[in-house]
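User: I'd like to learn how to read a few features of a protein model. Could you walk me through them one at a time?

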Amino acid sequence: MGYKILYATKHSLSGAAASSQIMSQIKGFELNQNTDFYVFIKDPKRLIHKKITSKNLFSAETNNNYLFFIRLFKFMRLKKDISMVYTRDLIVVLASILLRKKCVYEIHKPPSRNGMIFIKFFKNFMKFVAISENLKSYVSDELNVSKNSILVAHDAVDFDLYESINFDKEALRNKLDIASKKKVALYTGTVGPHRDMKNFLDLIYKHENIDFFVLGDDGTNFKNLLNVDSFPKNLKFRGYLDKIEVSMYQKSSDILLNLIEESHPNINFCSQLKIFEYFATGNITVTPDYGSLKEVINDENSLIYSSNDPSSNLDNVFSKALNANNTEYLTKNAKILVEKNTWKKRASKIIDFFNK
């Protein structure tokens with residue numbers, strides 16, 4: 001029958017930053033035919049049932065961490081057939097250790113002081129999945145964890161979803177009510193500090209003949225961050241969208257922008273979900289390659305800009321993307337990379353690592 005896996009999380013799946021990554025990984029585990037699967041969440045099932053279709057979905061039905069722990073503990077005691085617990089939350093790791101369940105902890109950034117104490121004390125009772133090589137080195141060096149207990153697994157993508165969107169760009173834009181006949185540049189993700197928004201706004205003003213779209217903000221964060229009263233006419237916001245709509249906007253664009261500064265607090269350890277999505281579209285990606293991004297991004301799959309080099313700043317590299325005639329090798333290499341990095345393959349990699 002294979003392995004019975006529990007994915008447990010106290011992150012909200014109804015809009016939290018981590019929700020897309022968690023739900024994609026849940027789907028990846030479910031697609032693995034050698035496993036059976038439980039999902040335990042804190043959100044009420046009525047809010048999540050359309051996002052997670054698993055028949056083995058269970059909920060603590062509470063936002064209180066103490067109650068979540070108690071209800072998870074009771075659930076895990078009843079499910080004696082659980083072979084592996086997978087989580088991003090140390091509170092779930094604690095429940096697993098107390099019940100002598102084998103656990104894999106996915107770590108996304110250096111832990112808090114309390115988290116460091118916990119990991120140093122209980123490191124021999126769990127395995128780790130780090131989302132970058134840099135983070136693996138940190139966990140090994142700073143938390144004294146054996147490298148043999150740490151798997152590196154960057155974020156991934158639902159490659160088949162992007163391949164299934166087989167409309168041409170004009171048809172997609174009509175479907176999305178994008179009236180523009182101009183070239184379209186898109187940014188997906190957080191609008192906030194350390195996201196290079198000032199240079200982005202300058203870029204928009206300089207390229208009035210390009211339509212710029214932002215997904216993930218309705219304009220409120222952008223306006224507050226940059227202290228602007230009005231937006232350029234060629235800047236449009238689409239707010240928070242469903243996954244399929246995001247992928248359609250990404251595929252309908254000409255240039256995809258990854259905006260992040262070297263000063264971002266997690267730049268040396270992160271793995272960016274949007275990069276894998278961008279690469280799956282077949283469109284040009286313009287991005288910096290700071291920190292751990294270098295593990296995925298290079299000049300064979302992206303056009304790279306740098307705030308530290310005037311000759312390759314955002315404006316210059318964006319102009320290069322607009323005028324480039326031969327970018328097929330970039331988009332081809334990008335698609336080859338992410339075709340090997342699907343959520344299903346990531347799940348299989350994690351299961352194999354667990355079984356070593």
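User: Let's start with Ile244: which helix is it in?

Analyst: Ile244 sits in helix H11, residues 243-252. Helices here are DSSP runs of H or I with at least four residues, strands are runs of E with at least two, and both are numbered from the N terminus. One caution: this is a predicted model, so local features need pLDDT of at least 70 and side-chain atom pairs count only at pLDDT 80 or more, while totals for chains, interfaces and linings use all residues. Residues are numbered from 1 along each chain as its sequence is written, and side-chain values use heavy atoms, with hydrogens and water left out.

User: Is Ile244 buried, exposed or partly exposed?

Analyst: Buried means under 20% relative accessible area, exposed means over 50%, and partly exposed is in between (1.4 Å probe, protein chains only). Ile244 is partly exposed because its relative accessibility is 38%. Not counting residues up to four places away in sequence, Ile244 touches Leu161 and Ile165, where contact means heavy atoms within 4.5 Å.

User: Which residues make the contact between H3 and H4?

Analyst: From H3 they are Asn65, Phe68, Phe69, Leu72, Phe73 and Met76, and from H4 they are Ile91, Val92, Leu94, Ala95, Ser96 and Leu98. Ten of the contact residues are nonpolar, two polar and none charged. Here Ala, Val, Leu, Ile, Met, Phe, Trp, Tyr, Cys and Pro count as nonpolar, Asp, Glu, Lys and Arg as charged, and the others, Gly among them, as polar.

User: Now strands. Which way do the side chains go?

Analyst: In a regular strand the side chains alternate between the two faces of the sheet. In S5, Cys103, Tyr105 and Ile107 point one way and Val104 and Glu106 the other. Strand S5 (residues 103-107) is largely enclosed by the rest of the structure, because five of its five residues are buried.

User: What does S5 pair with?

Analyst: Strands of a sheet pair through backbone hydrogen bonds, either parallel or antiparallel. Two strands count as paired if DSSP finds at least two bridges between them. S5 pairs in the parallel sense with strand S4 (residues 84-87) over three bridges and with strand S6 (residues 126-130) over five bridges. Val85 stands opposite Cys103, and Ile107 has Ala130 as its bridge partner in S6.

User: What is the strand order in the open sheet of six strands?

Analyst: The order is S10-S9-S8-S11-S12-S13, with parallel pairing. The edge strands, each pairing on one side only, are S10 (235-237) and S13 (303-304). Back to where we began: H11 lies across S8, S9 and S11, running at about 140° to S8.

Note on methods
Axes are lines fitted to C-alpha atoms, for helices over the stretch in contact, and angles run from 0 to 180 degrees between N-to-C directions.
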